Amino acid sequence: MNIEDFKSKLGAGGARPNQFRVLLTWPGYVNVPDRAYSLLVSGAAVPASTVNPAIIQYRGREVKLAGERIFDPWTITIVNDTGQSLRQPFEAWMNGMNDLAGNSGILNPADYQTDLEVHHLDRNDEVLPGGRYKLVSAFPIQMSEIALQYAQNDVLEEFTVTFQYQHYINAPVGEL
């Protein structure tokens with residue numbers, strides 16, 4: 001194999017990890033002034049999954065078979081703006097599921113779970129073939145702290161939100 005063969009296998013220069021878009025869908029009870037704030041998502045990932053083996057003992061040996069598929073939690077990184085335009089809605093989303101003040105919460109999963117999408121893009125902002133993922137029935141399970149330090153004068157605040165979801169669908173554009 002020569003370098004030209006290698007370059008031809010990359011297609012249009014290879015997939016880039018900094019080319020992505022996250023589409024956030026909010027439950028109806030969360031007030032979001034502008035639903036286009038997904039631009040503040042500065043980090044995400046293509047979702048991961050694992051097939052756990054089902055292990056059967058046979059004459060002192062382990063026989064491994066395909067078991068249940070598990071979908072790992074999914075985390076995004078968000079740049080915090082001065083109005084906390086995404087942090088406050090995430091806090092409201094989590095409060096709706098489990099409000100500490102009233103010791104109550106929304107019971108129907110359809111009211112707090114939504115579908116989220118992550119698109120892996122090419123350098124022209126077009127979705128790559130097979131680069132569109134829908135996370136079905138997602139909800140936040142963790143929101144990180146925002147570290148405050150006097151020495152951090154040349155960086156923007158960031159925080160992460162981790163979601164749990166039922167499964168993901170990977171489909172060509174237009175099929176989700």
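Guide: What follows describes the core, then its aromatic pairs, and then the salt bridges. The model is a predicted one.

The largest nonpolar core holds 28 residues, and those that touch the most other members are Leu24, Trp74, Ile76, Phe90, Trp93 and Phe163. Two or more residues each come from strand E5 (74-79), helix H2 (87-97), strand E6 (114-121), strand E7 (127-143) and strand E8 (158-164). Of these elements, E7 gives the largest share, 5 residues.

In general, the distance of the centres and the angle of the planes describe a pair of aromatic rings. With centres required to lie within 6.5 Å, the count is 10 aromatic pairs. One of them joins phenylalanine 90 and phenylalanine 163: the ring centres are 5.9 Å apart and the planes stand at 65°, so the pair is edge-to-face. This pair links distant parts of the chain, since phenylalanine 90 belongs to helix H2 and phenylalanine 163 to strand E8, 73 residues apart. Both phenylalanine 90 and phenylalanine 163 are buried.

Charged side chains occur in some of the elements already named. The whole structure contains 3 salt bridges. In one, glutamate 91 meets arginine 87 at 3.5 Å, N to O; both residues lie in helix H2, 4 residues apart, about one turn of the helix. Their accessibilities fall into separate classes: glutamate 91 is partly exposed at 34%, whereas arginine 87 is buried at 12%, because buried means under 20% relative accessible area.

In another salt bridge, the closest N and O atoms of arginine 132 and glutamate 117 are 3.1 Å apart. Arginine 132 and glutamate 117 are both buried.

Lysine 64 and glutamate 62 also form a salt bridge, with 3.5 Å between the closest N and O atoms. Here lysine 64 is exposed, at 55% relative accessible area, and glutamate 62 is partly exposed, at 46%.

How values were computed:
Residues numbered from 1 in each chain as written. Predicted model: local features only at pLDDT ≥ 70, side-chain atom pairs only at ≥ 80, totals over all residues. Heavy atoms only, no water. Core = buried A, V, L, I, M, F, W, Y, C linked by side-chain atoms within 4.5 Å. Buried < 20%, exposed > 50% of the residue type's maximum accessible area, 1.4 Å probe, protein only. Phe/Tyr/Trp six-rings, centres within 6.5 Å; stacked < 30°, edge-to-face > 60°. Salt bridge = Lys/Arg side-chain N within 4 Å of Asp/Glu carboxyl O.
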